[in-house]
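Subject: Structure handover

Hello,

Here is the structure for you to look over. My notes follow below it.

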Amino acid sequence: MILVLCSLWIANHCYPLLLSDQQQDFASVVLDDQGYPLRAFADQQGVWRYKVDIEDVSDEYLLALIAYEDRYFYQHPGVNPISFLRAAWQYLIHQRIVSGGSTITMQVARILHPHPRTLLGKLQQVLRALQLEWYLSKQEILNIYINYAPFGGTLEGVQAASYQYFRKPASALRPAEAVLLAVLPQAPSRYRPDRYPQRATQARNKVIDRLVKQGDWGPQKGKQVKQEPVVVWKPEQPFVAPLLARRLHQETPNEAVINTYIKRDLQLQISSYVQEYAMLQGAGVSMAVLVVDNQTQHVVSYVGSASMLDASRAGHVDMIQAIRSPGSTLKPLLFALAIDDNLIHSQSLLADVPRLNSRYQPGNFAKGFDGPVTVTDALQRSLNIPFVQLIEAYGEQKFVNKLAHVLYPLRIPNGQANASVILGGAGISLQSLVTLHSSFANQGWVKPLIFKKPETNEKPKNSKNNAVKGRRLVSDEAAWITWKTLTGLTPPAQFSWGVSQQVRPVLAWKTGTSWSSRDAWAIGSTEQYSIGVWVGKPSGEPLKGALGVTTAAPALFSVLSMLNNAKQADLQSVSAMPERPFNVQEKEICWPDGRASHLSEGSCDRRFVALTKGGVTPRTLQIESGLAFHQVIENIMIDADSGLRLSGHCGSLVAKHKKVSVWPRQLEPWLAVNEKRGHRIPIYSPHCLVIPKQADALTIVGLLNQQQIYRQQQELIQQTLYAAGASGKVSWYLNGQWLATQAGAFTLKLLPNLQGKAELVAIDQHGVTGRITFTMKDDLISF
């Protein structure tokens with residue numbers, strides 16, 4: 001005892017800064033939801049060392065380590081004099097090292113402070129070991145060993161070795177694996193199991209024999225473990241979800257172990273699919289997929305590019321975080337917000353017509369105009385013009401502010417919100433889009449995505465009784481109506497479930513395409529998962545012919561199928577729908593009024609059953625007039641005898657009031673004959689001294705409605721047209737595309753590439769519209 005105290009006094013005076021000199025640099029490792037490595041990052045010296053605590057290491061490993069390296073570890077004061085003297089005597093007799101005399105504590109001392117293999121160096125090691133035992137507990141010393149023990153080259157610590165050779169954490173080591181790692185630090189290069197499996201087997205079996213001899217294992221267990229061959233993975237660093245791992249490592253560079261919720265099998269399956277699918281789209285095309293569990297907001301799959309190592313596709317760029325144009329993917333959010341603002345219900349009347357006097361005049365991807373459409377139809381078919389009408393009624397800046405309140409502000413050029421925002425005139429990331437769309441399955445709440453598990457000493461941020469905190473974007477009712485509406489879209493024609501109808505998931509989904517096909521999107525939600533897909537070129541170059549519905553949607557459904565196949569055992573979870581809120585009510589509504597049938601004042605030309613929030617049925621929105629609603633009832637004066645219309649200049653005729661139900665004037669060309677104003681409002685009486693101009697009709701002269709035009713191949717046909725009844729300049733549209741705005745005659749050029757049915761629309765400066773359709777056919781010319 002006196003000798004130990006004297007040695008300790010010498011150690012403290014010669015080496016007083018032992019613990020402060022100890023290096024604590026660790027590599028960083030990102031783990032999946034089961035604790036297996038996704039990707040690792042070396043420390044500043046290029047060493048692969050992953051921090052681990054004793055309680056997180058296999059008991060079999062600790063047993064083998066103590067039994068083989070230092071049987072009396074918990075009894076000696078840092079130096080085992082018997083072993084030390086025996087090793088010294090053997091060295092003197094044989095002039096070589098026969099057995100080691102170093103305890104685990106002495107090995108820790110040599111690891112922390114290397115010394116020359118001389119007598120003086122050994123003395124220094126002994127003093128250091130005594131010092132360690134004085135300042136640290138046995139558990140603390142053992143903890144240093146398992147973190148710093150050499151396993152060959154730049155590999156240190158049992159956790160790094162376990163990940164490297166077995167692709168699993170040290171807590172999951174089987175007995176044969178644990179014993180191999182216990183002996184490997186004795187000669188890491190000589191026993192390296194991937195290069196010298198026979199040597200490694202012999203060394204391992206030597207430890208097994210000692211465990212049996214010392215009574216730590218029974219003979220039967222020792223025999224069984226010996227029969228297991230030494231099989232290890234080829235030494236290479238894991239590379240699963242590399243962009244997510246890079247992101248989390250950059251966000252928390254000092255965190256040695258980062259646990260995620262990534263499901264490895266799903267991640268590998270989606271990554272492989274994404275790489276192949278992107279290649280099929282052409283050179284330079286990348287792709288990103290994000291999958292989130294709606295119940296917890298855990299990110300379970302994160303594929304940020306087609307392949308991180310593919311420079312030709314800018315694979316190093318994380319397209320989940322990249323800011324891109326969202327195309328039409330914001331339309332469902334406006335749909336839900338407008339329901340909450342009592343502007344619409346699910347069957348509200350919107351107008352797909354030319355927008356002559358509006359600040360913003362977009363076109364549709366589809367050819368032509370549809371006239372009167374339900375807001376549901378407009379959302380499912382992704383019609384642009386009706387949603388421009390809706391965002392102008394709701395308020396462009398108000399819409400942007402709502403999204404900023406619950407998430408992040410949209411990136412808008414010059415910071416000025418305008419109607420183009422709803423069609424992609426802003427910037428947003430795939431991550432944000434998925435977060436926003438997940439609100440439809442989360443009762444209208446926007447909750448932040450959770451990428452990594454909390455530290456063990458942190459309180460869990462989420463559980464069934466401790467939900468993720470977020471902010472409400474829309475009401476429960478509006479979220480459910482929107483989700484239900486988006487389930488009405490037809491899956492891509494080329495997609496096949498490959499499973500029975502009973503287990504097909506119910507998916508609410510929406511696609512989007514940015515200007516010039518630079519971005520193709522598909523975002524979808526089931527009750528359990530939200531999925532986001534982006535396809536495009538990171539450089540921002542157009543992807544010719546790409547559309548969200550044809551390019552991104554097939555990938556969305558393929559990913560959904562992977563999730564579905566993983567859930568076959570639980571049919572209810574894949575086919576379930578979010579619970580319908582009690583306050584979602586079905587109401588019969590009428591067009592053109594828009595309200596419930598009992599409120600429509602006799603104006604009920606077309607009937608629909610609408611999903612409403614609390615039974616509220618707003619009037620039809622006015623076209624191109626902000627928040628104003630369409631006035632469906634028009635009061636006129638008629639002659640009591642003839643029934644003809646009167647004005648203030650009709651003398652002594654007996655007049656009476658009449659209420660007439662009218663549609664918005666811009667919809668006239670798309671209405672049935674009995675719905676047009678000319679059918680409902682009588683002409684002025686000839687007895688009136690002054691007859692006002694009836695600006696309700698515009699007729700296209702020069703082509704007949706539904707005419708068939710025949711031509712020889714490649715022939716250009718030109719036809720002179722007039723807009724009879726028009727006031728001022730007239731704007732002409734062919735298949736929804738603006739051609740010209742001018743007064744007088746108009747020359748229509750029918751190019752050779754125009755085939756099949758076509759729509760021609762003319763609209764004057766007062767919004768009075770005329771419309772005809774015609775069909776182009778080859779071979780003969782006939783007018």
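Two strands pair if DSSP finds at least two bridges between them. Helices (H or I, at least four residues) and strands (E, at least two) are DSSP runs, numbered from the N terminus. This is a predicted model, in which local features need pLDDT of at least 70, side-chain atom pairs count only at pLDDT 80 or more, and totals for chains, interfaces and linings use all residues. Residues are numbered from 1 along each chain as its sequence is written, and side-chain values use heavy atoms, with hydrogens and water left out.

**The sheet**

Five strands form an open sheet in the order β7-β6-β14-β13-β12, with antiparallel pairing. β7 (298–303) and β12 (508–513) are at the edges; each has a single partner strand, so one side of each lacks a neighbour in the sheet. Within the sheet, β13 (residues 519–525) and β14 (residues 529–536) run antiparallel and are joined by seven bridges.

**Around G284**

G284 lies in the loop between α13 (264–280) and β6 (286–293). Beyond its neighbours within four places in sequence, G284 is in contact (heavy atoms within 4.5 Å) with S312, R313, G536, K537 and P538. A314 is 30 residues from G284 in sequence, yet the two are 7.5 Å apart in space, C-alpha to C-alpha.

**The cores**

A nonpolar core is a set of buried Ala, Val, Leu, Ile, Met, Phe, Trp, Tyr and Cys residues joined through side-chain atoms within 4.5 Å. Buried means under 20% relative accessible area, exposed over 50%, and partly exposed in between (1.4 Å probe, protein chains only). The largest core has 112 residues; M287, V289, L330, F399 and V533 touch the most other members. Helix α20 (residues 548–566) gives the largest share of this core, nine residues. A second, separate core has 61 residues, including V52, L62, I144 and L211.

**Helix α12**

Is this helix enclosed or open? Seven of the ten residues of α12 (residues 242–251) are buried, so the rest of the structure largely encloses this helix. The buried ones are P242, L243, L244, A245, R247, L248 and H249. They pack against β1 (28–31), β2 (37–41), β5 (257–259), β7 and α18 (430–437).

**Helices α3 and α7**

In α3, residues Y61, L62, L65, I66 and E69 meet L142, Y145 and I146 in α7.

Best wishes
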